[in-house]
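Here is a short report on one model.

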Amino acid sequence: MSIQEKRDQIVEELMPFEDHFERFAYIIDRAKGHPPLADEYKIDTFLIEGCLSQLWIFPEFKEEKCYFHTDSDAAITKGTAALLCELYSGETPEDVLSLEPGFLADVGITQHLSPNRRNGLTNVRKKIKAYAELCLRNH
């Protein structure tokens, strides 16, 4: 599945929710299905700055593709970060860099986040993008 198809699938899953509370409940439920990050990766190196919650993104590069794993002490934070990690995981660095997550606004996610959570989500994208750029330079 291409990164565009993954984006379209996420949009398709989130669009039916007319109420943002239902949408966030769905995102939180999805986050519960994500495995927790091992404690060895819950370190400052992988901590996302600018987020009131503790939020970690652990990146990997294997077989020419980027993978991102996340965890947080807040369910909504973990859920929104997990959406981005799902979208960008298994993609080449070029594909990671080619697609901005503007669709989150289209489905009513970013408008209903607190400023601190929006900032955290922006920093998740920056961290994912920086890792993809690093992979491009080094491989």
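## The buried side of H1

Ile3, Lys6, Ile10 and Leu14 are buried in helix H1. Buried means under 20% relative accessible area, with exposed over 50% and partly exposed in between (1.4 Å probe, protein chains only). These four lie on the same side of H1, because they cover an arc of only 70° around the axis. The arc is taken from the directions from the helix axis to the C-beta atoms. An α-helix has 3.6 residues a turn, so residues three or four places apart point the same way.

The buried residues of H1 pack against H2 (20-32), H3 (75-88), H4 (93-98) and H5 (103-106). Contact here means heavy atoms within 4.5 Å. Helices are DSSP runs (H or I, at least four residues) and strands are runs of E (at least two), numbered from the N terminus.

This is a predicted model: local features need pLDDT of at least 70, side-chain atom pairs count only at pLDDT 80 or more, and totals for chains, interfaces and linings use all residues. Residues are numbered from 1 along each chain as its sequence is written, and side-chain values use heavy atoms, without hydrogens and water.

## Cysteines

A disulfide requires two cysteine sulfur atoms within 2.5 Å. The count is zero. The sulfur of Cys135 is 4.2 Å from that of Cys66, too far for a bond. Cys66 is buried at 0% relative accessibility. Cys135 is buried too, at 3%.

Strands E1 (residues 55-62) and E2 (residues 65-72) pair antiparallel over eight bridges. Pairing takes at least two DSSP bridges. Pro59 stands opposite Phe68 in E2. Two residues separate the strands, and Glu63 has a positive phi near 50°.
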